[in-house]
Amino acid sequence: MADLGPRLDIRQSQSLVMTPQLQQAIKLLQMSHTELAGFVESELEQNPMLERDEGQADPLRNATEQPATEIQDAAPSENAQDFDSSDLLGSGNISGDGQDSPLDADYGNTYDGDYAGAGATEGGTYESSLLYNGTGSGGRSDFSDDISGLEATLSENKSLGDHLIEQMQMSNLGNAEKMVALYLIDYLDDSGWLTGDLKDAADNLGCEVELVETVLETLQQFDPPGVFARDLKECLALQLKDLNRYDPAMERLLNNLHLLANQDARALKRLCGVDDEDLMEMVAEIRALNPKPAVAFDTVVVEPVVPDVLMRPTPEGGWRIDLNSETLPRVLVNESYYGTISAVARSKDDKDYLNERFQTANWLVKSLHQRAQTIMKVSTELVRQQDGFFRYGVSHLKPLVLRDIAEAIEMHESTVSRVTSNKYIATPRGIFELKYFFTSAISSTNSFGEAHSAESVKHSIKKLIDAEDPKKILSDDKIVAILKDEGMDIARRTVAKYREAMNIPSSVQRRRQKKKKL
C-alpha cells in the first residue's frame, strides 16, 4: 500500500495560451467598422509610434492596400461548385519591403455604360471625380468643395419634454404644481404614456396624492392629445374628448375593447345600443386615433448602413469584390521617429517602453491587414456559394452553415462567425448582413433533389399567401401540400412558425380581414 503524503512530480502537458496580441487580433476581427475606427483612434492617441496614413505621397497607394478579387465564372447557380477554390489573396506584403504581391494587380477600374451612367466618359471609364459634381456637365459645382455630411444639415427638432415644458410654463400652475408636473414629464415613456404609480410619485415628492392627480388632469389636456395616459383606454378617451366625441356609447365601446379586437359586432351593438351604421362610424373614429401620441416627436436620425464589402458585376459575367476603403483604417508605424527617439533614450525603462510601443504598433498594423484579408476570403466564398441568389433572387438561396465556408477557405468556424458578425455587403440586390446568407436547410421530397434554404421557403410561403383567392384562404395544411408538390418537405408546424415570423396572421384571421374588404 502506497504511503499518503505530499511529493513533487514533473509532468509534461500541452495547453493553448492566448497571448495579449492574439486576443487583440480576435477582438479586431469581430468588431464592426465603427467600433474598429474608435479603437484605432484610441491607439493613435496612446501610441507615439503610430501615425495616420494620409495617403498623400502616392495617390495609387490606397489601391494596393485594398484586397480585391474577381469571380470570372459566369455559370448559373447549378454550377457554382465548379469555381476554382485556389487562394485569391496571396500572403500580402506586411513588411513593406516593396515586393510585388497579388494585391498590387491592376484590375482596370472600368464599367460599361449601364453601370457608369451619365457620368461615364467615352469607352466606359468611370470618372469618380464627377460623383460629387452638382452641375452634371463636368464643370465645377456652385457649392463649396467642403460639403458637410447629411446629418450636419439637419435642424434641431424639439423633443416631447421641451414641448410639454413650454406648455407648462404658459399654464396657470403654481410653483409646487410645476415641480409635480416636471416630475411626471420625466416619467413619460416613448409612446407618451405615464409610467409609475401616482402614490409613489406623491411619496417621493412629499405631497398629497390629490395634488398629483390634480396636476395630472391638467397635463392630460396638453398637446398632443392623449399624452399622460396610463393605458390604451385612457389614451383613446383623451383624444375623443379633445374632438368632443366622447359620449356614453363611445365610453361603453372603450370599456369593451376586447370585443372590438375579437370583431364581435353583435355584442358591441347590444352593449352600446347602436345599429350597424353607428357602430361602423364609431369604429372608424377609434381607428383614426393615435395610440402612441409621442411618435411625432421621435426625432432619432436613422443612419444608413455602411457596407464593409462592395460587390458588382463584371463585363465578363462574373463578380468583382472589393473592401470598402471608407471602412478601412489606415495607420503606419513611424519607424523614423522610433529610430530618432531610441538613439537618445538613456534609461532602461525608456528603452523598454519604446520597444514595447514599437512592437504593439507593428502588431496592430499586421492585425488590421490580416483582418482585411480574412473578411475578403469569407466574402468571396459567400458570393461563390450563393451565386444563384445574386443572379436569380431569394428563391435560389442555398442552405448554408458556417462549417461550409470554414472548410472551403480552411479556417475555423469561430473565425467565420466573428468575420460575419456586424459586417455588411453591398450587392446588386441591396445591402445585406453577411450572416443573412447562412440559413438552415429544408429537405427535398425527392431523395435526389437539393435541399432548400429556409429563407427561400419563407419567400414561397409569402408568395402563396399574397396570391391566395380571398374566397379560398389557404390553411397551413394546404400550404404544406402545395410546397410538397414543389419539392419542399416541410411540416405544418414549421409553416406556422415561418408565417408567424413574417407577421402573417392565421387563415381564420385572414379570412375575416379579406371578407371585410370584399
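Modeller: Let me start with Arg511, which sits in helix α22, spanning residues 507–517; please keep in mind that this is a predicted model.

Biologist: Is Arg511 buried or exposed, or partly exposed?

Modeller: Arg511 is partly exposed, because its relative accessible area comes to 41%.

Biologist: And how far apart are Arg511 and Ile473, in sequence and in space?

Modeller: In sequence Arg511 and Ile473 are separated by 38 residues, whereas in space their C-alpha atoms are 6.3 Å apart.

Biologist: Changing topic to charges, how many salt bridges does a search of the whole structure find?

Modeller: The search gives 17 salt bridges for the whole structure. Among the residues involved are Asp476, Asp477, Arg492 and Arg499, which are linked in a network of such bridges.

Biologist: Which side chain meets Arg245 in a salt bridge at 3.3 Å?

Modeller: That is Asp247, with the 3.3 Å taken from N to O. Arg245 also forms a salt bridge with Glu285, where the closest N and O atoms are 3.1 Å apart.

Biologist: Why would the pair of Glu285 and Arg245 tie together separate parts?

Modeller: Glu285 belongs to helix α13 (residues 276–287), while Arg245 lies in the loop between α9 (232–242) and α10 (248–254), so the pair ties together parts that are 40 residues apart in sequence.

Biologist: How accessible are those three side chains, in terms of relative accessibility?

Modeller: Each of them counts as partly exposed, with 30% for Arg245, 28% for Asp247 and 24% for Glu285.

Biologist: Then what about Arg384 and Glu381, which also meet in a salt bridge?

Modeller: Their side chains meet at 4.0 Å, N to O, and both residues lie in helix α15 (residues 348–385), three residues apart, which is about one turn of the helix. Arg384 counts as buried because its relative accessibility is 8%, and Glu381, at 10%, counts as buried as well.

Biologist: Which residues form the negative surface patch?

Modeller: The patch is formed by Glu208, Glu210, Glu213 and Glu217. One of them, Glu210, is found in helix α8, which covers residues 209–219, and Glu210 counts as exposed because its relative accessible area is 51%, where the cut-off for exposed is over 50%.

Biologist: Over to the strands: why is β3 described as largely enclosed?

Modeller: Strand β3 runs over residues 309–313, and four of its five residues are buried, so the rest of the structure largely encloses it.

Biologist: In which sense do β3 and β4 pair, parallel or antiparallel?

Modeller: β3 and β4 (residues 319–323) pair in the antiparallel sense, over five bridges. In the hairpin that these strands make, there are five residues between the strands, and Gly317 takes a positive phi near 100°.

Biologist: And in which sense does β3 pair with β6?

Modeller: β3 pairs with β6, residues 424–427, in the parallel sense, over two bridges.

Key:
Residues are numbered from 1 along each chain as its sequence is written. This is a predicted model: local features need pLDDT of at least 70, side-chain atom pairs count only at pLDDT 80 or more; totals for chains, interfaces and linings use all residues. Side-chain values use heavy atoms; hydrogens and water are left out. Patches are made of residues with over 30% relative accessible area and no salt bridge: like charges are joined within 9 Å, nonpolar side chains (Val, Leu, Ile, Met, Phe, Trp, Tyr) within 5 Å. Accessible areas come from the Shrake-Rupley method with a 1.4 Å probe; for residues, only the protein chains shown count as cover. Lys and Arg count as positive and Asp and Glu as negative; His and the chain ends are not counted. The place of a charge is taken as NZ of Lys, CZ of Arg, CG of Asp or CD of Glu. Buried means under 20% relative accessible area, exposed over 50%, partly exposed in between (1.4 Å probe, protein chains only). Two strands pair if DSSP finds at least two bridges between them.
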